[in-house]
Amino acid sequence: MNFTNTQDDDRGWQDEANCLGVDPDLFFPERGASTREAKEVCRGCVVRLDCLEFALVNGEKFGIWGGLSERERRRLRRQRAITTRRTASA
Ligand code: SF4
């Protein structure tokens, strides 16, 4: 993973990333290519949740972050938005 384009200052968790030194291309596969290898790296990562939250908060649109693909993160964002609306109207 290449974290150089990130905007958040609170990035200490990136020092613990399992993907440090791993080919960043693995995390940005061509459309339709397998995400399995990247997700395997993420599976054993101790900062997976930090990484996922970072991607969600910063609206990262591309790549595997926190073990989730763009589509999976979009789905998670939608689910959270629904939960937030329900909680607010309860
Ligand atoms: S969850 Fe995956 S992409 Fe995120 S820091 Fe860990 S290994 Fe890298």
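Helix 1 and helix 2 each supply at least two residues of the shell around the ligand. That is my starting point today. One caution before I go on: this is a predicted model.

Let's stay with the ligand. How many residues surround the ligand? The count is 13. The closest are Ala17, Cys19, Cys42, Cys45 and Cys51. And where does the ligand sit? In the largest cavity.

Now helix 1. This helix covers residues 36-43. Which of its residues are buried? Ala38, Val41 and Cys42 are. Look down the axis of helix 1. The buried residues fall within an arc of 100 degrees, so they line one face of the helix. What do these buried residues pack against? They pack against helix 2. Turn to the face pointing away from the buried side. There you find Arg36, Glu37 and Arg43, which are exposed. So helix 1 has a buried face, because its buried residues share that arc of 100 degrees.

Next, the aromatic rings. The structure holds two aromatic pairs. Take Phe54 with Trp65. Their ring centres are 5.8 Å apart, and the planes meet at 25 degrees. Why call this pair stacked? The cut-off for stacking is planes under 30 degrees apart, and 25 degrees is the angle here, so the pair is stacked.

Where do the two partners lie in the chain? Phe54 belongs to helix 2, residues 48-57. Trp65 is in the loop between helix 2 and helix 3, the latter being residues 70-89. The two are 11 residues apart, and the pair links distant parts of the chain. Buried or exposed? Phe54 is buried, and Trp65 is buried too. There is also Trp13. Ring pairs join Trp13, Phe54 and Trp65 into a cluster.

Last stop: Leu20. This residue lies in the segment before helix 1. How accessible is Leu20? Its relative accessible area is 48%, and Leu20 counts as partly exposed. Leaving aside residues up to four places away in sequence, Leu20 touches Gln14 and Asp15. What about Leu52? The C-alpha atoms of Leu20 and Leu52 are separated by 16 Å. Along the chain, these two leucines are 32 residues apart.

To wrap up with the ligand: helix 1 and helix 2 each give at least two residues to its shell, and the buried residues of helix 1 pack against helix 2.

Key. Residues numbered from 1 in each chain as written. Predicted model: local features only at pLDDT ≥ 70, side-chain atom pairs only at ≥ 80, totals over all residues. Heavy atoms only, no water. Phe/Tyr/Trp six-rings, centres within 6.5 Å; stacked < 30°, edge-to-face > 60°. Helix = DSSP H or I, 4+ residues; strand = E, 2+ residues; numbered from the N terminus. Buried < 20%, exposed > 50% of the residue type's maximum accessible area, 1.4 Å probe, protein only. Arc of directions from axis to C-beta. Contact = heavy atoms within 4.5 Å. Near = heavy atom within 4 Å. 1 Å grid on protein atoms, 1.4 Å probe; cavity = no way out; pocket = protein on both sides within 12 Å on 5 of 7 lines; lining within 4 Å. Sits in = over half its atoms within 2 Å of the grid points.
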